[in-house]
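The following paragraphs lead through a protein model, from its overall make-up to selected elements and residues. Please keep the sequence and the coordinates in view while reading.

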Amino acid sequence: MNVFYKLINYRSLWVIFNYDAEGRPYLALYLPFDRAWASLGLALKKASFKVTDLNRSTGVYYVHAIPKAKKEKKRGFFKRMLGIGKADQSLPADEIDPLSLSVQQEGSALIIYVQREAEPALRINEQAFLLRRLQGKLS
């Protein structure tokens, strides 16, 4: 029982959600840069972010947050066969606001901030929501 508790705590120690001095939320990954960069890319896929571009030398991921599709009622046999009532309600990636995740090395931690590429800028609670969503997928 005690070993299991230590394993859970160890996992949560290498990724920490916090706020900086200006009040902006960030994630801190306590991993080597190569492993943190790869873990971040995998977590973005798991958290339904579409990576449109990345620049490892400057430490930036350009992504689109893909909204989760609403669960549809299953169509009947004839509607499926004839394609009646089939409508794709998801937004194309071009219509969703592009976001950028900037990554900076500070000591032994990799600091991740999120911001919107276009105006208006993301509010603090929106940034925190996106980072928490990402934190849940980091493993």
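Among contacts in the protein chain between residues at least 6 apart in sequence, 52% join residues at least 24 apart, where contact means heavy atoms within 4.5 Å. The model is predicted, so that local features need pLDDT of at least 70 and side-chain atom pairs count only at pLDDT 80 or more, while totals for chains, interfaces and linings use all residues. Residues are numbered from 1 along each chain as its sequence is written, and side-chain values use heavy atoms, with hydrogens and water left out.

The secondary structure of the protein chain amounts to 4 helices and 6 strands; helices (H or I, at least four residues) and strands (E, at least two) are DSSP runs, numbered from the N terminus. Read from that terminus, the elements follow the order α-β-β-α-β-β-α-β-β-α. Of the 139 residues in the protein chain, 34% are buried. Buried denotes under 20% relative accessible area, exposed over 50%, and partly exposed the range in between (1.4 Å probe, protein chains only). The accessible surface of the protein chain is about 9,800 Å², and 56% of it belongs to carbon and sulfur atoms. Such areas come from the Shrake-Rupley method with a 1.4 Å probe; for residues, only the protein chains shown count as cover.

Helix α2 may be taken next. The buried residues of α2 are Ala36, Trp37, Ser39, Leu40, Gly41, Ala43 and Leu44. An α-helix has 3.6 residues a turn, so residues three or four places apart point the same way. The buried residues of α2 pack against several elements, including β2 (25-29), β5 (98-106), β6 (109-116) and α4 (124-135). Gly41 and Leu138 are 97 residues apart in sequence, with 9.4 Å between their C-alpha atoms. Just after α2, Ser48 adopts a positive phi of about 65°.

Strand β6 is largely enclosed by the rest of the structure, because 7 of its 8 residues are buried. Strands pair if DSSP finds at least two bridges between them. β5 and β6 run antiparallel and are joined by 8 bridges, whereas 3 bridges join β6 to β2, also in antiparallel fashion. Ile112 in β6 is the bridge partner of Leu27, and Val103 stands opposite Ile112 as well. The hairpin of β5 and β6 has 2 residues between the strands, and Gly107 in the turn has a positive phi of about 65°.

Which residues does Ile124 touch, leaving aside those up to four places away in sequence? They are Tyr19, Gly23, Arg24 and Pro25. Ile124 lies in helix α4 and is partly exposed, with a relative accessible area of 38%. Ile124 and Pro25 are 99 residues apart in sequence but 7.0 Å apart in space, C-alpha to C-alpha.

On the surface, Phe77, Phe78 and Leu82 form a nonpolar patch with about 390 Å² of accessible area together. Patches are made of residues with over 30% relative accessible area and no salt bridge; like charges are joined within 9 Å and nonpolar side chains (Val, Leu, Ile, Met, Phe, Trp, Tyr) within 5 Å. A salt bridge is a side-chain nitrogen of Lys or Arg within 4 Å of a carboxyl oxygen of Asp or Glu. Leu82 belongs to helix α3 (residues 77-82) and counts as exposed at 61% relative accessibility.
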